[in-house]
Amino acid sequence: MTPQQLAALHDAAFVLERPWSAQEFEDLLSSPHVTLFAKPGGFALIRSVAVEIELLTLAVDPAHRRAGVADQLMRDWMGAAMGETAFLEVATDNTAARQLYTKHGFAETSRRKRYYKRPNGSAVDAVLMTKALTRR
């Protein structure tokens, strides 16, 4: 997927948050620590540094939701991860994503108060979640 395609899909998937630009994706993908996992209708972007892996974003086109795309992307990147700990953050009001991450063994470790701004001027907390990985 090109940075432009990633930005367009991210925009479609994240209607309550500022979507990432093609330039931001291009910058991330130029890093040797960032890996893209893509499937038809979705993608996951991770950053690996030493023994930690961060899920930067996981986006699924609304037309492909509830079809197993996010579940497969989670399995793909966690299966390829070469680290000890994975972490991510998710908005408290993103129930579907929180359920997905919990299903894959992530647990809440802390919160960032009022981290995600909403179009109506409100803000919701970010939930930080972690999971111990099996090193390969």
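Student: What makes Asp93 partly exposed rather than buried or exposed?

Tutor: The model is a predicted one, in which local features need pLDDT of at least 70 and side-chain atom pairs count only at pLDDT 80 or more, while totals for chains, interfaces and linings use all residues. Residues are numbered from 1 along each chain as its sequence is written, and side-chain values use heavy atoms, with hydrogens and water left out. Asp93 has a relative accessible area of 38%, and buried means under 20%, exposed over 50% and partly exposed in between, with a 1.4 Å probe and protein chains only; therefore Asp93 is called partly exposed.

Student: Where is Asp93, and which residues does Asp93 touch?

Tutor: Asp93 sits in the loop between β4 (85–91) and α4, where helices (H or I, at least four residues) and strands (E, at least two) are DSSP runs numbered from the N terminus. Not counting residues up to four places away in sequence, Asp93 touches Leu16, Arg118 and Val124, contact meaning heavy atoms within 4.5 Å.

Student: Why is Thr57 called buried?

Tutor: Thr57, in strand β3 (residues 52–60), has a relative accessible area of 6%, and because this value falls in the buried range, Thr57 is called buried. Leaving aside its neighbours within four places in sequence, Thr57 is in contact with residues including His10, Phe14 and Trp20.

Student: What makes the pairing of the Thr57 and His10 side chains a polar contact?

Tutor: The side chains are joined at 3.2 Å, and a polar contact is a pair of N or O atoms within 3.5 Å; within protein, one must be able to donate a hydrogen and the other to accept it, and residues adjacent in sequence count only if both atoms are side-chain atoms.

Student: Why is helix α3 called oblique to helix α4?

Tutor: The axes of α3 (residues 69–80) and α4 (residues 95–103) come within 11 Å and cross at roughly 40 degrees, the axes being lines fitted to C-alpha atoms, for helices over the stretch in contact, and the angles running from 0 to 180 degrees between N-to-C directions. Angles under 35 degrees count as roughly parallel, over 145 as roughly antiparallel, 65 to 115 as roughly perpendicular and the rest as oblique, so α3 is oblique to α4.

Student: Which residues of α3 and α4 meet?

Tutor: Ala70, Asp71 and Met74 in α3 meet Leu100, Tyr101 and Lys103 in α4.
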